[in-house]
Amino acid sequence: MADHMQQWFEEGACDGFSIAVDGCHDGFDAFVDQVVPILQARGLFHDDYEGSTLRASLGAHEQYGLDPRLTKPAR
């Protein structure tokens, strides 16, 4: 899997991948445990994260309270 992903990426066939969880949910764990470390060792998948949460790693601002678009009364 890692070889295939690397080939597609390096040949410009894609610029990234989206991984979908299978119906049994065991494929995702196998991918994370077996494929991601190979891609990281090859420098194709990062292993450093800016923050300790997804929000921080994405650089998303904290949202306090409910979104005002959801709390406005209907006209």
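Mentor: Gly12 comes after α1 and has a positive phi, near 80°. Before we go on, a word on the source: this is a predicted model, where local features need pLDDT of at least 70, side-chain atom pairs count only at pLDDT 80 or more, and totals for chains, interfaces and linings use all residues. Residues are numbered from 1 along each chain as its sequence is written, and side-chain values use heavy atoms, with hydrogens and water left out.

Trainee: How are the helices defined here, and where is Gln6 found?

Mentor: Helices are DSSP runs of H or I with at least four residues, strands are runs of E with at least two, and both are numbered from the N terminus. Gln6 sits in helix α1, which spans residues 2-10. Glu10 belongs to helix α1 too, while Glu11 is placed in the loop between α1 and α2.

Trainee: Is Gln6 buried or exposed?

Mentor: The general idea is a cut-off on relative accessible area: buried is under 20%, exposed is over 50%, and partly exposed lies in between, using a 1.4 Å probe and protein chains only. Gln6 has a relative accessible area of 19%, so it counts as buried. Glu10, at 55%, is exposed, and Glu11 counts as exposed at 59%.

Trainee: Which residues of α1 are buried, and on which side of α1 do they lie?

Mentor: The buried residues of α1 are Ala2, Met5 and Gln6. They lie on the same side of α1 because they cover an arc of only 100° around the axis; the arc is taken from the directions from the helix axis to the C-beta atoms. What covers these buried residues includes α2.

Trainee: What does Gln6 touch?

Mentor: Contact means heavy atoms within 4.5 Å. Not counting residues up to four places away in sequence, Gln6 touches Arg42 and Leu44. Arg42 lies in the loop between α2 and α3, the latter being residues 54-58, and is partly exposed at 36% relative accessibility. With neighbours within four places set aside, Arg42 is in contact with Ala2, Asp3 and Gln6.

Trainee: How far apart are the C-alpha atoms of Arg42 and Gln6?

Mentor: They are separated by 8.9 Å, although the two residues are 36 apart along the chain. Likewise, Glu10 and Leu44 are 34 residues apart along the chain, and 9.7 Å separates their C-alpha atoms. For Glu11 and Arg55, 44 residues apart in sequence, the C-alpha to C-alpha separation is 32 Å.

Trainee: Which residues make up the largest nonpolar core?

Mentor: A nonpolar core is a set of buried Ala, Val, Leu, Ile, Met, Phe, Trp, Tyr and Cys residues joined through side-chain atoms within 4.5 Å. The largest one has six residues: Ala2, Met5, Phe31, Val35, Val36 and Leu39. The elements giving two or more residues to this core are α1 and α2, the latter covering 26-41. The largest share, four residues, comes from α2. As for Met5, its contacts beyond four places in sequence are Phe17, Ile19, Phe31, Val35 and Leu39.

Trainee: How many residues line the largest pocket?

Mentor: On a 1 Å grid over the protein atoms alone, a pocket is an open set of points with protein on both sides within 12 Å along at least five of seven lines, and lining residues have an atom within 4 Å of a point. The largest pocket is lined by 15 residues, with Met5, Phe17, Leu39, Leu44 and Phe45 nearest its centre. α2 gives the most to this lining, with five residues.

Terms used:
On a 1 Å grid over the protein atoms alone, a cavity is a set of points where a 1.4 Å probe fits but cannot get out, and a pocket is an open set with protein on both sides within 12 Å along at least five of seven lines; lining residues have an atom within 4 Å of a point.
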